[in-house]
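Biologist: Hey, can you walk me through this one? I'm new to reading structures.

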Amino acid sequence: MKHTIALVLGVLSLGATCLSPSAPCFAATGPTSATTLSWNPCAQPDGPADQQCADLSVPVDYGKPDGAHLTLRVTRLVSDRPAARRGTLLVVPGGPGGSGVDTLAHTGPAMREALHGAYDLVSLDPRGVGGSTAVGCGLSADDRDVMNLRSWPGPGGDITDSVARAHRIADVCARNGGAVVRSYSTANEVRDIERLRQALAAAKVSMYGVSYGTYVTAAYAQEHPEHTDRVVLDSTGDPDPARVERGWLANTAAGADERFPDFARWAAEPARDRNGLRLAQHASGVEPLVLSLADRLDRAPRATTTPHKPLTGDILRQAVQQALYSDGGFPALAQLIKTAEDPHATLALPPGYATPMPDRDAAVFTATQCNDVSWPRDVHGYARAVATDRIRHPLTAGQPVNLTPCAFWHTEPAETPVHITSDGPSNILMLQNLRDPVTPYFGALRMRTALGDRARLVTVDQGGHGAYHADGTTCGDRAVTGYLLTGHRPSADLRCPSDDFGADPLIRHHVEHDHTGSPADDVG
């Protein structure tokens, strides 16, 4: 919902990749039921030495279980305290496009320590991601540019180029993607997770989902309630089955508005003078400064150290969205703004903007959104929505409601999105930052309403995307860790005050989620 838009688009590890269905790298046939997993060492850079991986065979189309199969890379960190082990905790990454292998490598050790070895931690690379079988669409480098995949309107809100590009991407994916690209969907990820549970021989699994992973987790809990133990949803989007990804994207406009004042207050503090990063005397002056700079860059982009890749107004706007994921992104954003304001300075693009996304990652990110739900096809309707949104939410300039390739996708979703309801065990704990730029609080409240007495919501009075850091220092952390260890949730929804968020992010350590830091945000 992470990258950031999980989603770690453009930086996922490479695995088995097919560029077209004419040279398939998936098995023609495969087993019709889950098989035993063969675990092998797969330590990742800067990850735990004892991480293990295995391959899991799943049908491309579950309606044809004896047909073509593909391989999913699954991963685990076994409990280091066997006597304390109580079960399996499945970590569901964000995205679409987040890697479970990478997530477990970066966050698994802290989670294992916080949970005192109570769980084997397990995750997976969804279809098309990391070490799992992937088919790309064969998109051009220009169409795989992060800024183009994000469908930013042109200066003034013109969507002519967006329409042409969306048509082109949809056509190319239809021509080259085949059955595997059509299989990239939340519904199939839920089925794949159930296949993984069977392969683990676990009667029940506990689950921790973050960002887009919360929707996957909630959908699994709706479809397979009897197989869920303790469930945590961290940073949740609106589950409206008529919109899902389309709604999540649209909601980021209001999310940015709610979160930006945190950056503005930080950037106007006198303490910023020490590092030359103070942007205004008062917080109220920061947003006008940013908007004015973006408008000037629309008219006259600035050359950067990357040939043929200038700093544009939209890259600045996207950099703002990226920085709002975590207070730790504030200094780099302030430095970019300061440098761009100086006509004599040499500009460098923020990380992630200089090279196109790998074709496989672009396919997963795009196809999952388009395969999950039907999108409107009225181009004039999108143009009107962009014009309105630019006025209401100038920080995002209409991008969240602009059309995507889904408006011209050649196939309708194979099924309707799951309807999240209050039917099922009362075993879900939600954790939500009050000022989340990606999955705004109002969307999480709609998930809370849909779940009814199945859930309790812990609201944390802080900004950023991803609230659980497994370090035990905050009220929200303690609520999640305590629930996973003891099964006890708050008796009613809980509001946590801000915990130690006055520390300067220049020196504060952040445990980041898999999608944080990517210029392409999670859709939810």
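Modeller: We'll go through the ground rules, then disulfides, strands, a helix and the cores.

Modeller: This is a predicted model, so local features need pLDDT of at least 70 and side-chain atom pairs count only at pLDDT 80 or more, while totals for chains, interfaces and linings use all residues. Residues are numbered from 1 along each chain as its sequence is written, and side-chain values use heavy atoms, with hydrogens and water left out.

Biologist: Okay, disulfides. How many does the count come to?

Modeller: The count comes to four disulfides, where a disulfide is a pair of cysteine sulfur atoms within 2.5 Å. One of them joins cysteine 42 to cysteine 53, with 2.1 Å from S to S.

Biologist: Where do cysteine 42 and cysteine 53 sit?

Modeller: Cysteine 42 is in the loop between strand S2 (40–41) and strand S3 (52–59), and cysteine 53 is in strand S3, 11 residues apart. Strands (E, at least two residues) and helices (H or I, at least four) are DSSP runs, numbered from the N terminus.

Biologist: Are cysteine 42 and cysteine 53 buried or exposed?

Modeller: Both cysteine 42 and cysteine 53 are buried. Buried means under 20% relative accessible area, exposed is over 50%, and partly exposed is in between, using a 1.4 Å probe and protein chains only.

Biologist: What about cysteine 137 and cysteine 173?

Modeller: Cysteine 137 and cysteine 173 form a disulfide with their sulfur atoms 2.1 Å apart. The angle about the S-S bond is 105°, and the link is right-handed.

Biologist: Switching to strands. How many bridges join S10 to S11?

Modeller: Seven bridges join strand S10 (residues 428–435) to S11, and the two run parallel. Strands pair if DSSP finds at least two bridges between them. From S10 the chain passes through helix H13 (residues 441–451) to S11, a right-handed β-α-β crossover. Right-handed here means that, with the strands pointing away from the viewer, the path from the first strand over the helix to the second runs clockwise.

Biologist: Which residue is the bridge partner of glutamine 432 in S11?

Modeller: Threonine 459 is the partner of glutamine 432. S11 (residues 455–463) is mostly covered, with eight of its nine residues buried. S11 also pairs in the parallel sense with strand S12 (residues 494–496), over three bridges.

Biologist: What comes just after H14?

Modeller: Glycine 487 does, with a positive phi of about 85°. Several H14 (residues 475–486) residues are buried, including Tyr483 and Leu484.

Biologist: Last one: which residues have the most contacts inside the largest nonpolar core?

Modeller: Tyr184 and Met430, in a core of 76 residues. A nonpolar core is a set of buried Ala, Val, Leu, Ile, Met, Phe, Trp, Tyr and Cys residues joined through side-chain atoms within 4.5 Å. A second, separate core has 36 residues, including Leu277 and Ile315.

Conventions:
Expected span 1.5 Å × (residues − 1).
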